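Please look through the sequence and the structure before reading on.

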Amino acid sequence: MAAVQKTQGWGTRIGLILAMAGNAVGLGNFLRFPMQAVQNGGGAFIIPYLVAFVLMGIPLLWVEWAMGRYGGKFGHHSTPFILDSMDKRKFWKYLGVFGIFTNIGVAAYYCYIESWTLAYVIHSIIGTFNGMSQQEVADFFAKYTTISLSVNDTTLGIPLEPIFFYVLCLVLNTYILAQDLNKGIEKVAKIGVPLLIVFGAMLAVKAFFLKDTGAYEGCTDCHSWLGINFLWEPRFESLSDPKVWLAAAGQIFFTLSIGMGTIHCYAAYLKEKDDIALNAMSAGWMNEFVEIVLGASVVVPLAVGYLGLDWVKENASFSIAFQTMPYLFAKWGTFLSALAGIAWFGLLFIAGITSSLAMGTPLKSFMEDEFNWDLRKSAIFFGVLVFIFGLPTVLFFEHGVFDEYDYWAGTVSLVIFALTEIILFSWVFGIDKGWKEITSGADIEVPDFYKFVIKYITPVFLLAVFLGALITPENNDWLNAFSEFKAGNGWPLGDSSLIAKVFHLDVEELIYFENGSPTKLFYIDLARILLLILFGFIAFLVYIASRKHKKQTF
Amino acid sequence: MVLVQTSVTAISFYFLHKALKAPKRPEPDSYLDNDDEE
């Protein structure tokens with residue numbers, strides 16, 4: 001057992017709630033949620049979304065908070081040994097590796113996005129986008145992400161510009177992580193989260209009152225309210241489509257940062273008698289407020305107000321944030337466009353850094369707990385590891401390394417780990433013991449039916465999400481796939497299914513080099529190998545740590 | 001839309017308010033403000 005740390009802890013309750021909310025609030029709240037809603041039934045999407053929140057999100061929040069606080073009692077603040085403390089069998093700690101691996105794998109590319117937002121704040125302040133056409137703003141992003149030694153090919157005259165900003169973000173993360181919890185992460189959350197809400201509210205109000213004042217000549221569908229209506233117009237027929245339910249469950253995963261190991265880690269710094277039930281609800285609902293109220297009220301209404309509903313339907317994607325929004329802000333005049341740029345990219349930066357700091361904490365805590373490293377050394381180790389595994393996402397961004405990291409570390413691993421932890425908590429550790437952990441010290445009464453939900457409903461929900469990813473049908477068309485299957489034509493496995501990805505069924509020819517140059521497949525497999533190495537490396541550290549434990553025992 | 005957004009806002013503020021107004025525990029907890037050492 002590791003030595004119980006007494007020096008670190010949360011300074012205040014509001015600090016803990018804001019840090020947890022900051023962990024959950026990320027780029028997905030402002031970019032992924034509105035796009036998912038648009039693509040999956042508009043207003044009707046909110047029904048499966050809220051059902052998934054109640055039946056999967058809230059239970060998993062309580063489970064992760066409870067597991068974290070439980071592990072913290074034994075001096076463990078990261079999932080390998082939190083899981084290990086819950087059952088005698090040795091393999092749990094290796095499944096707990098996911099709770100560190102995922103964070104490094106995601107931070108590797110997430111910090112890259114974070115660095116874009118930082119660079120774009122600077123460009124907004126100096127007025128780079130003023131006077132640019134829509135195409136020029138879109139092209140600017142391609143220029144920014146191109147690695148070049150020549151200052152003429154960069155946007156700020158800094159050689160290797162994307163790498164410079166990436167490293168800057170890593171240094172910033174490392175510096176904050178090297179502070180005590182209440183002086184680093186908590187302070188950032190206390191300033192950052194309220195600021196993010198103010199920035200989001202400013203932009204939402206502007207979008208609401210934009211109406212059709214930004215419409216270009218001849219545009220018949222340029223009105224910000226049309227965007228809001230489109231986002232919230234219920235298309236109830238979508239509720240019978242499993243695709244919509246899986247998308248809703250997936251969004252709940254991403255938005256709450258469940259299945260990552262960060263919640264366990266933060267909660268592990270609580271004491272046995274501290275409340276978790278109310279804190280978890282408070283942080284979870286704060287994330288929902290930012291997502292449903294603010295996230296849905298910025299990008300889509302603004303883009304529809306200026307460019308029209310049809311344009312948004314055709315171009316709805318993550319790239320709008322960087323390739324379109326600066327163009328829209330530039331229409332507001334020099335001062336307001338700078339202010340809007342600071343607000344938009346500033347809020348994305350805050351959303352990013354509060355999440356990436358949470359991703360750094362499990363590894364940092366692991367090294368402190370199990371290897372007795374000091375704060376500074378542990379934080380630097382995180383920075384270096386993320387740099388090593390993240391550099392390929394920067395250098396080979398356009399070759400798909402970034403997307404591959406996102407798929408395996410940021411999607412598949414979350415579901416696997418969540419499934420693992422819910423089985424451990426409900427069925428191995430035992431729901432009675434687990435329920436006692438959740439309700440111990442609670443400042444609210446936890447409804448009894450959640451005991452049933454945690455034991456039966458949430459695991460089934462998670463299993464459905466996992467199977468949904470495993471056998472995603474062609475074009476994600478589940479209704480057609482079921483009919484085909486019933487008709488005896490087999491299951492039409494889609495290219496986006498996990499099985500197709502693992503066996504490269506989505507690739508026509510397995511060619512790694514063409515005319516002497518590496519193909520996209522080469523980069524995809526390179527990314528996979530790197531992620532496997534990362535997982536193996538963390539598992540090795542866990543093995544060494546467990547041997548140390550044994551020696552200490554005897 | 002208005003119903004959903006208003007409800008989510010109300011629930012969020014309700015839980016936050018409840019958490020901040022919850023009475024402090026008599027025994028010291030992990031928040032450093034309440035620790036004896038501080």
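Predicted model: local features only at pLDDT ≥ 70, side-chain atom pairs only at ≥ 80, totals over all residues.

## Salt bridges between helices

Side chains of opposite charge can pair when their charged atoms come close. A search over all chains of the structure finds eight salt bridges. One of them joins the side chains of A:Glu437 and A:Arg69, with a distance of 3.7 Å from N to O. A:Glu437 belongs to helix α22 (residues 431-439) of chain A and A:Arg69 to helix α4 (residues 46-73) of chain A, so this pair ties together parts that lie 368 residues apart in sequence. Both A:Glu437 and A:Arg69 are buried.

A:Lys451 is partly exposed, with a relative accessible area of 30%, whereas A:Asp432 counts as exposed at 53%.

## A salt bridge within one helix

The side chains of A:Glu186 and A:Lys190 form a further salt bridge, at 3.7 Å from N to O. Both residues lie in helix α10 (residues 185-210) of chain A, where they are four residues apart, about one turn of the helix. Are the two partners buried or exposed? A:Glu186 is buried, with a relative accessible area of 1%, while A:Lys190 counts as partly exposed at 35% relative accessibility.

## The largest cavity

Rolling a probe the size of a water molecule over the atoms shows where empty space is left. In this structure there are four cavities of 30 Å³ or more, and the largest cavity holds about 80 Å³ of space. Its lining includes A:His123, A:Ser124, A:Gly127, A:Thr128, A:Phe129 and A:Asn130, together with A:Pro326, A:Phe329, A:Ala330, A:Ser337, A:Ala338 and A:Gly341.

The elements that give two or more residues to the lining of the largest cavity are α7 (98-126), α18 (325-329) and α19 (334-371) of chain A. Of these, α19(A) gives the most, with three residues. By class, the lining of the largest cavity has five nonpolar residues, seven polar residues and no charged residues.

## The second largest cavity

The volume of the second largest cavity is about 60 Å³. Among the residues that line the second largest cavity are A:Met20, A:Asn23, A:Ala24, A:Leu61 and A:Trp65, as well as A:Leu256, A:Ile263, A:Ala280, A:Ala283 and A:Gly284. The elements that contribute two or more residues to this lining are α1 (13-24), α4 and α14 (277-294) of chain A. The lining of the second largest cavity divides into eight nonpolar, two polar and no charged residues.

## The nonpolar core

Which residues touch the most other members of the largest nonpolar core? In this core of 195 residues, they are A:Trp65, A:Leu302 and A:Trp344. A:Trp65 is also one of the residues lining the second largest cavity.

Apart from neighbours within four places in sequence, A:Trp65 is in contact with A:Leu16, A:Met20, A:Ile263, A:Ala267, A:Leu270, A:Ile276, A:Asn279, A:Ala280 and A:Ala283. Among these contacts, A:Met20, A:Ile263, A:Ala280 and A:Ala283 also line the second largest cavity.

A:Phe140 is placed in helix α8 (residues 134-145) of chain A and counts as buried at 7% relative accessibility. Not counting residues up to four places away in sequence, A:Phe140 touches A:Tyr120, A:His123, A:Thr128, A:Phe129, A:Met132 and A:Thr155. Of these contacts, A:His123, A:Thr128 and A:Phe129 are also found in the lining of the largest cavity. Between A:Phe140 and A:Gly410 the distance is 27 Å, C-alpha to C-alpha, and the two are 270 residues apart in sequence.

A:Ser356 lies in helix α19 of chain A, the element that gives the most to the lining of the largest cavity. At 0% relative accessibility, A:Ser356 counts as buried. Leaving aside neighbours within four places in sequence, the contacts of A:Ser356 are A:Tyr110, A:Cys111, A:Glu114, A:Asn173 and A:Phe382.

Methods
Residues numbered from 1 in each chain as written. Chains lettered and ligands numbered in written order. Heavy atoms only, no water. Salt bridge = Lys/Arg side-chain N within 4 Å of Asp/Glu carboxyl O. Buried < 20%, exposed > 50% of the residue type's maximum accessible area, 1.4 Å probe, protein only. 1 Å grid on protein atoms, 1.4 Å probe; cavity = no way out; pocket = protein on both sides within 12 Å on 5 of 7 lines; lining within 4 Å. Points joined across faces, edges and corners; volume = space filled by probe spheres on them. Nonpolar A, V, L, I, M, F, W, Y, C, P; charged D, E, K, R; others polar. Core = buried A, V, L, I, M, F, W, Y, C linked by side-chain atoms within 4.5 Å. Contact = heavy atoms within 4.5 Å.
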